[in-house]
Structure formats: C-alpha cells, structure tokens
Amino acid sequence: MEAPLALGLSVSAWPLLQQLQQAGQADRVGLTPLAAAALQTSPSDLLVAPAAEFLSDQWRRGGPTIVIGAMGAVTRLIAPLLSGKQNDPAVVVMDAHGQNIVPLIGGHAAGAEQLAHALAAALGGQVVLTGDAASQERLALDAFGEAWGWVRGGTPEAWHDLMLSQASGPSLNVVQQTGTDLWRSSTAGQHFGVTADSEHGIALAIGPRSDGAPCRWHPATLWIGIGCERLSCLALIQRAVDRSLQSAGLAKESVAGISSIEAKGDEPALLEFCEHQNWPLRLFGAAALADVAVPTPSEVVKAEMGTASVAEASAVLASGDGAKLLHSKRIFHAEGGEQGAVTVAIAEAAHPLAANKGELHLVGSGPGSLQLLTADARTALSRCVLWVGYGLYLDLLEPLRRCDQVRLDGQLTRERDRCWQALDLARQGARVALISSGDSGIYGMAGLALELWMDLPETERPRFQVHPGLSALQLAAARAGAPLMHDFCTISLSDRLTPWQVIERRIEAAASGDFVVAIYNPRSRDRNWQLTRAREILLCARPETTPVVMARQLGRSDEQVSLHSLGKLRPEDVDMLTVLVIGNSSSRVQDGRMVTPRGYPGATLN
C-alpha cells in the first residue's frame with residue numbers, strides 16, 4: 001500500500017497532520033482553504049484545496065486517505081464517489097487527537113483496517129471496528145491471504161457471496177494445495193474445515209488452480225520454463241505462456257518466475273517479458289539441465305544447446321526439491337505478425353517464492369514492559385501476520401497480538417534456526433516479525449538475520465528492516481541515575497559464540513581505558529566462574545569502591561535494581577536475567593543514585 005494522503009477538515013487537525021508526516025505515516029498532508037487560512041504560517045509543502053477536490057483526486061489515484069474530522073462530514077463527502085467494494089480505496093477517519101481510528105471504506109480489500117491498526121500502534125489510539133468479522137474474531141477471508149504473500153482470484157460477486165455465507169454461521173471448507181498453512185494456527189483461523197465433504201462443498205481454495213472453487217488465493221509456486229529461438233518476439237512469448245497456463249487450468253497469479261538456459265540470458269523479448277510481469281528469471285547451465293530426467297527430451301535441442309531439455313528441465317530445477325512437472329512442454333510457432341518459436345513447460349515448487357511481497361521486520365521488544373515498547377516496534381508488530389521469537393519474549397507481547405496473527409515459538413539457543421525460518425517465510429511472501437528482547441541490534445537477532453539475508457540472491461531478498469528497541473542497558477542506567485554520561489562499552493560474558501580469551505582481552509581493554517562497562521549474560525548455571533574472573537580483571541585497574549548497578553528482571557513485575565561496590569559484588573547473586581553497569585574511576589553514588597560526570601575532575605564542562 002502506498003503512503004496515504006492525510007487531510008484535515010479543520011485547523012485543529014494541523015498538529016496531528018504534522019505528526020503523521022514526520023512519522024512517515026502520511027506521504028502528503030493537506031488542509032481545506034479555511035483551515036489553512038487559520039494557520040499563522042503555512043509550510044510550502046502543505047496541500048490546500050477543498051475537501052471534495054482532495055478526495056476526488058485521491059479516488060482517481062486509488063490511494064488510501066486519512067481524514068481528520070467528523071464522521072458525518074466525511075461520509076457526505078465520499079458518498080458521490082463510491083462505486084463498489086472491490087474498487088473503492090481505503091478511507092480512515094479519526095479525531096484530532098488520534099485516539100479513535102475508524103476504517104470507514106475499504107476495510108478488507110483496500111487495506112483500511114490494516115492502515116487503521118498501524119496508525120493506532122503509532123499514535124497510541126484505538127481502532128473502532130463494527131463489522132461482524134472483527135466483533136466475532138473471524139478471519140477476513142477476502143483479505144487475509146495478502147499478508148501471506150498470496151494473490152486473490154475469483155470474481156467480486158463470488159467473494160461477496162462467500163463473505164455473506166461466512167457471516168451466516170455455517171462452517172466453511174477450505175482446501176489448500178500449496179503455501180504455508182500456519183494461518184490455521186491463529187485464533188481466527190481455527191474454525192474452518194479441511195475437506196470438502198459437506199453439503200457446502202469447497203468455499204475457498206488455496207493453490208495454483210484457476211478452476212474449481214469460485215474464490216481462490218494463489219501462493220506463487222509455479223515456475224514456467226521457456227526455450228525459444230533467437231529473437232523470438234514478445235507477443236509470441238506472452239501468447240505461449242497464457243495459452244499454456246489456460247490449457248493446464250493454472251492461474252497466472254500463482255507464477256513465481258521464469259526459467260531457461262544461460263544462453264538465453266540476453267534474449268531481449270524474454271528479459272522484457274520478465275520485467276513487465278515483475279517475475280524473476282532463473283538461468284541454468286546446459287550441464288545442470290542435462291542431468292534432469294524429463295518426459296520429452298529432444299535430440300535436436302541437445303545438438304544445439306548441449307542439453308536435451310530447456311523448458312522442462314529448467315522449470316524443474318527452478319522449482320527445487322520436491323518439484324512436480326505439471327505441464328509438459330508445448331511448442332508455439334509464430335502466427336500473424338509474430339516471429340520465432342517458443343517452448344513452454346510448467347512445474348510446481350513445494351514452497352512459494354514471492355520475495356517482492358515479503359517483509360522481514362527485526363523488532364526489539366524492549367526489556368519487558370509494554371509501556372517501554374517503542375511506537376516504531378508497535379507499528380511493525382501490527383503490520384506482521386507472523387511473529388517469530390523465543391517463547392518468553394512472545395508471552396510478554398501477547399496482549400498486542402490480534403486474532404489473525406500467528407506466533408511461532410523457538411528455543412532459546414536455536415537463534416540461527418529462528419532466523420532462517422523467519423527469513424524463509426518472508427521469502428514466500430509473508431510479513432514476518434523476528435523478535436528479540438531489548439534492541440534487536442544489540443546482542444539480538446538483527447546481525448545474524450542480515451547475514452542470512454545477504455547470502456540470498458537479490459531477487460529472493462524480501463524487504464528487510466530493523467526496528468530499534470529499548471536496551472536493558474539503557475533502562476538499568478535510567479533506574480540507577482545517570483551512570484552512562486561518559487564513554488562506555490558493553491561486554492557479554494557468554495563464551496558460547498565468542499572464545500573466552502577474546503572476551504578477557506576486551507575486559508582488560510575496557511579496564512585500562514577506564515570505560516563504564518555494562519555486562520550482559522553475566523552468569524548462568526553452567527557458566528559460574530566468568531563473572532568472578534571479570535571482576536578480578538576490573539579490580540586491577542579501578543578501586544574496590546567502584547559503584548556497580550545490579551539490575552534484574554528489568555521492565556517486569558519483579559524488577560530489582562540495587563547499588564553495590566565492585567569489591568563487594570557477590571557473583572552468586574547474579575544470573576542470566578541480570579545486567580550489571582560498572583562505573584569508571586569518576587563514577588560515584590550519592591543519595592542513592594549513581595552518576596558518572598561528563599568530565600573528569602578538573603576538566604572544563606561544556
């Protein structure tokens with residue numbers, strides 16, 4: 001969804017319009033002429049026009065609109081523009097404080113409800129939903145597949161009938177041939193039959209077929225193998241692909257990409273076709289293609305290309321492990337004004353590929369309290385249909401999870417597995433949140449996830465974004481006073497991924513450099529000596545009276561923060577849920593607070 005236009009109907013909307021634009025929630029902001037005239041200063045990028053003109057222009061563009069003003073006024077303004085549920089753009093209405101947010105038009109098909117949830121997360125408001133799907137925690141069948149990267153098929157009339165049938169109460173049967181079925185584990189996704197043996201038949205199909213159920217979601221699992229004569233024209237390639245899909249009863253919406261032999265990597269019409277369809281092109285060498293067993297090899301092709309199959313073999317290779325050849329090769333010759341000859345075959349992959357639709361959001365959930373979760377992180381969580389993380393962190397965020405969102409719990413020490421699972425689902429087209437505690441870029445999952453993302457071909461990389469969170473280090477410092485006012489560093493004492501010799505050198509460097517030191521992962525049942533050794537190293541460079549903050553279970557109901565001295569610090573009182581902040585030579589405790597001065601004694605304060 002493109003960034004929306006935000007329109008204010010009165011001057012009281014101006015502060016919220018500014019907030020929306022600064023937060024990236026609105027691409028453009030506008031006021032009516034009367035409201036703009038009431039401003040003392042008018043920014044050059046402020047759009048000024050009558051409300052009806054604004055809305056009419058946005059309607060033609062098909063873009064979403066946020067209107068700050070009275071519901072009745074907005075309803076009267078858009079009434080002449082309404083044309084149908086499948087065509088109307090998203091319109092979200094809210095008050096001037098952003099506290100009540102109403103998706104007025106285009107709730108499902110145009111994404112108004114998703115936009116409303118994102119705004120509520122960013123502004124701290126509440127979404128006002130009055131439809132049955134929301135009030136009964138039902139899955140919006142006509143919209144839910146988009147968050148998983150699928151493309152909708154079927155007529156508007158068929159979808160209208162399906163939504164009426166869903167609202168009437170009987171259990172509906174959903175048949176799924178391809179794509180992840182994780183949606184069924186959401187609260188709203190558990191009320192559907194798996195087979196079609198009831199009198200209602202198949203209500204919804206998820207797969208590559210273009211026939212059968214009138215309502216369909218199409219995961220991108222089809223790979224179309226193409227072989228062609230040199231300088232075959234674009235029109236012929238388009239006709240060959242369309243006819244092949246049609247004769248096989250397969251939906252164009254399910255196509256993941258095109259495949260061929262490396263020798264066709266510079267074929268102009270083939271490249272133009274892939275670019276026009278926004279489909280990736282996978283190319284394979286003749287030797288790799290020759291190793292694939294196909295039903296209709298050709299000695300003529302082998303003599304010319306070094307492999308007996310291009311279309312069939314490349315479709316199978318592109319589909320990967322578990323590939324199925326659904327449509328054997330078919331040759332199309334030029335007709336009318338066309339030029340060349342094209343061979344087409346179609347294979348099905350075990351897993352979809354829709355990286356251009358997928359999103360991987362690295363979310364830092366903060367130390368634990370939802371009050372300490374950033375607005376940026378809340379917005380990302382609201383957008384993602386799938387939350388992946390360690391169970392404890394997901395439990396803390398559970399009050400924010402909607403009935404259509406799915407959580408995937410992982411084990412604490414299986415970070416790489418969690419990263420790859422989240423990334424793979426995003427490659428399939430899903431919007432995924434990979435969650436770390438604190439800040440995902442500080443001892444979190446961001447680095448590993450980014451490395452795995454970089455290893456992928458560019459055409460298979462989903463959108464990747466890191467959303468910062470509040471680190472335990474920051475909260476510990478805030479609770480204790482102001483211990484981080486001069487140079488500081490963080491050191492993890494876990495030697496599971498870093499050799500202890502390296503950790504020890506870092507502690508020595510921090511001690512000799514007189515840094516304030518924050519210690520993460522200080523002590524566990526199996527690592528019970530490292531903190532004692534770290535304390536010995538630090539005491540070689542600073543006095544026993546050096547203040548230490550011991551912060552445990554930060555941001556949670558049993559939070560404990562206490563002040564100690566380095567010389568009397570008891571390692572046995574520390575565990576993995578504790579963060580330590582150890583002062584430098586100028587740090588001191590006064591009136592129950594720890595402070596590290598900005599300058600050393602005698603230095604000039606700036």
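The axes of helix α18 (residues 500-512) and helix α19 (residues 530-539) come within 9 Å and cross at roughly 30°. Helices (H or I, at least four residues) and strands (E, at least two) are DSSP runs numbered from the N terminus; axes are lines fitted to C-alpha atoms, for helices over the stretch in contact, and angles run from 0 to 180 degrees between N-to-C directions. The crossing of α18 and α19 is right-handed; a crossing has this hand if the near helix is turned clockwise from the far one by less than a right angle, and is left-handed if anticlockwise. On the α18 side, Trp500, Glu504, Ile507, Glu508 and Ala511 meet Gln530, Arg533, Ala534, Ile537 and Leu538 of α19. These residues divide into six nonpolar, one polar and three charged. Here Ala, Val, Leu, Ile, Met, Phe, Trp, Tyr, Cys and Pro count as nonpolar, Asp, Glu, Lys and Arg as charged, and the others, Gly among them, as polar.

The model is predicted: local features need pLDDT of at least 70, side-chain atom pairs count only at pLDDT 80 or more, and totals for chains, interfaces and linings use all residues. Residues are numbered from 1 along each chain as its sequence is written, and side-chain values use heavy atoms, with hydrogens and water left out.

The protein chain holds 19 helices and 30 strands, and its C-alpha trace spans about 90 × 70 × 55 Å along the principal axes. Of its 606 residues, 50% are buried, where buried means under 20% relative accessible area, exposed over 50%, and partly exposed in between (1.4 Å probe, protein chains only). Among contacts (heavy atoms within 4.5 Å) between residues at least 6 apart in sequence, 67% join residues at least 24 apart.

The crossing of α5 and α13 is right-handed. Gln114, His117, Ala118, Ala121 and Ala122 of α5 meet Ala375, Arg378, Thr379, Ser382 and Arg383 of α13. The residues of this contact comprise four nonpolar, four polar and two charged.

Helix α8 (residues 234-248) has 15 residues and should span 21 Å at 1.5 Å a residue, which agrees with the 21 Å between its end C-alpha atoms; the expected span is 1.5 Å times one less than the number of residues. Its buried residues are Leu236, Ile237, Arg239, Ala240, Val241, Ser244, Leu245 and Ala248. They pack against β13 (222-228), β14, α9 (268-277), β16 (324-333) and β17 (341-348). Gly249, which follows α8, has a positive phi near 70°.

Strand β14 (residues 255-261) contains Gly257, which is buried with a relative accessible area of 0%. Beyond neighbours within four places in sequence, Gly257 is in contact with Leu222, Trp223, Ile224, Trp279 and Pro280.

Most residues other than glycine have a negative phi. Leu231, in the loop between β13 and α8, has a positive phi of about 65° and is partly exposed at 48% relative accessibility. Gln553 also has a positive phi, of about 55°. The loop between β26 (547-552) and β27 (560-565) holds Gln553, which is buried with a relative accessible area of 12%.
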